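Dear colleague,

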Amino acid sequence: MKKILIVGAGFSGAVLSNILAHTGKFLIQVVDERDHIGGNCHTERDELTNVMVHKYGPHIFHTSNEKVWNYVNSFGKFQPFVNRVKSVYKGNVYSMPINLHTINQFFGKAFSPAEARSWIESQGDQSIVEPKSFEDQAKKFVGEELYRAFFYGYTKKQWGTEPKNLPASILKRLPVRFNYDDNYYNDIYQGIPVDGYTAIIERMFDHPNISIKLNHVFEFSENTKESYDHVFYTGPIDAFFSFKYGRLGYRTVFFKEYRSEGDHQGNPVINFADEEIPYTRIHEHKHFTPWEKQEKTIFFEEYSKETEAGDIPFYPKRLDEDMEKLKNYENEVSKLSNITFLGRLATYRYLDMHHIIEEAMDVANRFLAKQTK
């Protein structure tokens, strides 16, 4: 059997491993530098509260791809879950994303959908024809007041810079609904695994042809090329090449944990839009599993900062200087043989879980198709 090395034990590595192993044609070695599988989707029971905790921040699975939905559900039950985010601004709690209720509450109105649409259009800065920045994009679509309330402070904290310095592409679509729909996502399928994400990924890895080595820092070498027929790499692309063209820009997050009796905030995720509040949001994990009844609670304050050596990269900044570096790294990748880069870090893109799973399924199937030629 051919020997395969997969670097990374998150969803990319798990899906690849599962599909390739079940052909019976490959022996697969998975390595990961962390002490657990699951990457940033890792979940675990908190010993003191018995709450299932999303250790690296909230993960709600959502997709409109039926193939992806059926695939993940083959590894465990997903309980339907609707993410209803709230935002606190100047002591008031608002519904997110901006919808008819948010608009009426914020402006003290009782608009119909048509009236609200007309009002927001009148608020938008029509002098901005081609938005060049995040700030331009927001002001064009929702106007100064809603921008200042829900986007300015939060975005400045999240990205560590003035929103006028960020590309318009970060705010890709009109962030407003003119009805009372407060479902954060638009996708057909939405849920959270009953046993947590780590249990799903464990089942993906559960095959005799798959071996996993944790606490292992991967370094590409001639020995790697000689030992394996193919390598799938899901780690940071700049780290693979020892940062020879410089580090790509990322924001990372860190959390302050708190435990208490009862219920802290009554909702899974609440954003804090005021600039003077240092954290961006609070997530209370018992509310991600409303089918469970817990007497105690655990909640995280989430803070954003620039990624430094030793930090876990979360959000690719993709500024102009980053994209120039990325071109150099992608050129290096093109010179390599028998190695495939995939996933969020290896391709320097922000990808949701369903995107990562779909990509890994496609990569695995294309690889298998080549093997049969």
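In what follows, helices (H or I, at least four residues) and strands (E, at least two) are runs taken from DSSP and numbered from the N terminus. On that basis E295 falls in the loop between strand 14 (281-284) and strand 15 (296-306). Please bear in mind throughout that this is a predicted model.

I begin with E295, for which the relative accessibility comes to 65%, and since the cut-off for exposed is over 50%, the residue counts as exposed. Leaving aside residues up to four places away in sequence, E295 touches E261, G262 and K286. Its C-alpha atom is separated by 9.2 Å from that of S260, a residue 35 places away along the chain.

E135, in contrast, is buried, with a relative accessible area of 12%, and it is found in helix 5, which covers residues 134-159. Once residues up to four places away in sequence are set aside, the contacts of E135 are Y147, R148, P163 and K164.

Next come the nonpolar cores. Which residues touch the most other members of the largest nonpolar core? They are F11 and F150, in a core that holds 77 residues, and the largest share of this core, 10 residues, is supplied by helix 5. Among the contacts of F11, not counting residues up to four places away in sequence, are C41, Y197, I200, I201 and M204, and the list also includes M353, I356 and I357. Apart from this core lies another one of 18 residues, including L5, V31, Y233 and Y329.

As for charged pairs, the count comes to 22 salt bridges, of which I describe a few. One of them joins the side chains of E257 and K55 at 3.4 Å, N to O; E257 is in strand 12 and K55 in the loop between strand 4 and strand 5 (61-63), and the pair links distant parts of the chain, 202 residues apart. Both partners are partly exposed, E257 with a relative accessible area of 35% and K55 with one of 25%. The pair also belongs to a network of salt bridges that links D46, K55, E257 and R259.

Another salt bridge is formed by the side chains of R251 and E306, at 2.9 Å from N to O. R251 lies in strand 12 and E306 in strand 15, so this pair ties together parts of the chain that are 55 residues apart in sequence. Here R251 counts as buried at 5% relative accessibility, whereas E306 is partly exposed, with a relative accessible area of 31%. A further salt bridge brings together the side chains of E308 and K305 at 3.9 Å, N to O, and K305 is partly exposed, with a relative accessible area of 25%.

Turning to strand pairing, strand 7 (residues 86-89) and strand 8 are paired in the antiparallel sense over four bridges, and K86 stands opposite S95 in strand 8. These two strands form a hairpin with two residues between them, and K90, in the turn, has a positive phi of about 50°. Strand 7 is also joined by three bridges to strand 13 (residues 269-272), and these two strands run parallel, with V88 standing opposite F272 in strand 13.

Finally, a few backbone details deserve a careful look. Most residues other than glycine have a negative phi, and most peptide bonds are trans. The peptide bond from M96 to P97, however, is cis, with omega near -10°, and P97 is placed in the loop between strand 8 (92-95) and helix 3 (100-107). N50, which is not a glycine, has a positive phi, near 65°; its place is in the loop between strand 3 (43-45) and strand 4 (52-54), and it is partly exposed, with a relative accessible area of 42%. F243 likewise has a positive phi, of about 55°, although it is not a glycine. It is located in the loop between helix 8 (237-240) and strand 12 (250-261), where it counts as partly exposed at 28% relative accessibility.

With best regards

How values were computed: Residues are numbered from 1 along each chain as its sequence is written. This is a predicted model: local features need pLDDT of at least 70, side-chain atom pairs count only at pLDDT 80 or more; totals for chains, interfaces and linings use all residues. Side-chain values use heavy atoms; hydrogens and water are left out. Buried means under 20% relative accessible area, exposed over 50%, partly exposed in between (1.4 Å probe, protein chains only). Contact means heavy atoms within 4.5 Å. A nonpolar core is a set of buried Ala, Val, Leu, Ile, Met, Phe, Trp, Tyr and Cys residues joined through side-chain atoms within 4.5 Å. A salt bridge is a side-chain nitrogen of Lys or Arg within 4 Å of a carboxyl oxygen of Asp or Glu. Two strands pair if DSSP finds at least two bridges between them.
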